[in-house]
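Please read it beside the sequence and the model.

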Amino acid sequence: MVYGDSNDSNCRLVRMKTQISAPHDGSYDNEALSCSTIDISAHGNGEPHGGLRGSNEFILSDSGKKVAGDDQTGQLNLWLQRKAKSAFSEKMIKKRLPILRWLPQYNSTDAIGDLVAGITVGLTVIPQALAYAGIAGLPAAYGLYGSFLGCIVYIVFGSCKDVPMGPTAIASLLTFQTAGGNVGKAILLCFLSGVVELLMGVFGLGFLVDFVSGPVSSGFTSAVSLIIVTSQVKDVLGITAKGTTFIEIWRNIFNDIHNVQVWDTFLGLTCIAVLLIMRIVAGLKVGPADDELKSKNHRIINKMMWLIGTSRNAILVIVCGAIGYTFQSSAVAPFKLIGDIPPGLPSLKAPPFSLTANETMSGHEESFAEMVSSLGSGLIVVPLIALMENIAICKAFSNGKPVDATQELIAIGLANIANSFVQGFPGTGSLSRSAVNNASGVRTPMGNIYTMALVVLSLLFFTPYFSYIPKASLAAVIIAAVVFMVEVKVVKPMWRTKKSDLIPGLGTFIACLALPLEMGILFGVGLNVVFILYHAARPKMSVERLTSPGGAEYLIITPDRCLIFPSVDYVRNLVTKQSIRQSLPVVIDCSHVYGADFTAATVIDSITQDFARRDQPLFFYNLKPSVCAIFEGLSPADFVVYYREEHLDDLLKQRAYKPKEVISA
């Protein structure tokens with residue numbers, strides 16, 4: 001029943017029943033109008049809804065031609081034509097090739113900014129690439145192999161100017177846990193991850209990253225940071241301690257602690273201290289606080305301090321390499337060195353789709369199917385985490401502009417596919433290098449080309465000298481970089497805003513430390529979904545005892561969200577309990593109920609029957625027409641809806657309601 005205004009001055013109660021059977025002419029009645037408070041029957045010569053009908057027999061195409069509604073082939077062809085027209089429109093082409101948007105406006109100012117930023121990032125990416133290869137369990141050269149070709153691809157397809165494409169700490173650790181240090185599997189993982197990312201972008205699946213909440217992401221990132229730091233402790237101490245999980249690595253470290261190398265430990269700890277000090281130097285400023293009052297000398301000194309602090313990794317690696325070379329040439333080698341790196345660029349070839357017996361740990365050949373099977377869930381986890389990292393960078397430096405997750409998926413997917421043809425392992429945008437890129441004044445994605453040039457030059461001319469770099473110094477570079485990824489600072493704001501969010505965050509953190517990373521993040525997402533479902537199943541319900549304009553007391557119950565299957569039994573029990581306790585007319589305020597389902601409709605039907613048996617009035621206030629149509633689908637016998645507060649007294653008079661004695665609980 002819908003109680004509303006008619007053409008007369010008096011109000012009346014109207015029972016509307018929707019006829020579902022369709023007329024023979026192919027038209028249909030608009031069922032949404034069955035809950036409208038507007039009476040239009042007088043304007044349609046007695047026909048339902050005033051004669052308003054919508055045709056489902058014909059669909060008007062873009063060309064103006066009519067296509068029969070039951071002509072599925074015609075509809076499919078029209079849909080394909082619209083998609084093709086949209087895909088090849090100028091707007092879509094520029095959206096999928098972002099270089100077409102900024103390259104025509106490229107000028108000398110942009111070129112200078114990109115040059116400075118690209119070289120600065122290049123000085124950072126080279127030592128990090130060498131170090132991250134160690135995290136992935138691969139020879140150092142493979143970090144450089146994955147740091148140049150993807151940069152070119154991102155220039156064309158990338159939508160964020162601050163993203164420098166290449167290996168990252170998290171992607172490297174996931175590569176190690178997935179490929180187990182096997183070079184062939186790591187390269188194939190890069191190729192397949194790129195394919196998965198590209199397909200996700202083509203099918204618009206970038207929204208999947210939205211299912212990883214902020215607390216889960218923070219817990220995952222913090223756990224990964226500690227695992228990476230732990231994995232580098234062995235190189236600082238100069239011992240051998242393998243493992244894939246936090247607990248396993250520390251167990252092996254304690255088992256081999258008696259083999260600690262003094263010189264490696266001294267060098268590693270000294271490098272960590274120097275890097276942390278140089279990090280502080282990068283943020284120091286001399287002169288007045290106001291930039292306009294600084295002299296030219298002040299600006300030069302500040303810029304030099306920032307440049308030295310920003311290039312700290314490259315400076316440290318060069319100095320330590322010189323030290324390693326000195327000891328090596330004097331036939332005394334107290335440090336463990338990273339070893340020989342093949343000079344020159346890698347050969348351009350397809351990723352391995354099978355492994356020979358010499359390339360496997362088991363000594364048996366592996367087919368493509370066996371390789372894919374051994375990679376397991378990493379084929380999904382690695383692309384998703386890469387997307388998370390990249391989107392986090394885009395959001396951090398977007399200045400409020402929307403982030404196109406689909407385009408970023410296409411960009412990093414194509415970049416990883418390209419990297420796999422030069423023996424690279426999976427990579428994505430690095431947050432630390434993006435911060436350097438942004439602070440260096442990058443203007444467009446063209447900054448990647450200068451970073452690529454430095455990597456190529458290092459491969460062509462400097463790889464013989466890289467072999468003298470001590471492992472302890474690279475471990476120090478990683479530790480000093482990722483230790484700040486532990487997101488302790490989010491705990492306090494999370495505690496102040498919503499304490500329950502700490503549970504999925506802490507759960508993810510512990511699970512990622514104790515379990516493989518893919519299991520840890522899956523546990524965190526699952527825990528977060530449980531919280532969401534519980535929140536949906538327990539809506540907040542306000543219960544108030546009010547008096548109508550006519551002086552009648554009634555009980556108003558207001559749910560704060562939609563009525564769907566997890567919550568309807570909870571709502572029913574509360575409504576029943578309060579109505580029996582108060583023994584008053586009950587009004588359910590549906591102002592916040594924006595959706596419902598079949599289960600909710602059955603419960604509403606049951607509630608109305610219960611109230612009818614007790615002869616206790618039950619009304620629904622301000623129910624949205626779309627929700628009303630769902631409830632009306634079961635044709636409940638005593639379902640009454642009204643939309644004005646003053647109508648409540650008229651409804652009570654029509655029900656001949658008389659107050660009863662209150663029943664004690």
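## Helix H7

The buried residues of H7 are Ala169, Ile170, Ala171, Ser172, Leu173, Leu174, Thr175, Gln177, Thr178 and Ala179, where buried means under 20% relative accessible area, exposed over 50% and partly exposed in between, with a 1.4 Å probe and protein chains only. Helix H7 spans residues 169–179 and is mostly covered, with ten of its eleven residues buried. Just after H7, glycine 180 adopts a positive phi of about 65 degrees.

## Basis of the model

This is a predicted model, in which local features need pLDDT of at least 70 and side-chain atom pairs count only at pLDDT 80 or more, while totals for chains, interfaces and linings use all residues. Residues are numbered from 1 along each chain as its sequence is written, and side-chain values use heavy atoms, with hydrogens and water left out.

## The chain overall

The protein chain has 26 helices and 13 strands, taken as DSSP runs numbered from the N terminus (helices H or I, at least four residues; strands E, at least two). Of its 665 residues, 46% count as buried.

## Serine 467

Serine 467 lies in the loop between helix H18 (447–466) and helix H19 (471–482), and counts as buried because its relative accessibility is 9%. Its side chain reaches the backbone oxygen of proline 464 at 2.9 Å. Leaving aside residues up to four places away in sequence, serine 467 touches Leu337, Ile338, Gly339, Asp340 and Ile341, a contact being heavy atoms within 4.5 Å.

Conventions:
Polar contact = N/O pair within 3.5 Å; in protein donor to acceptor, adjacent residues only side chain to side chain.
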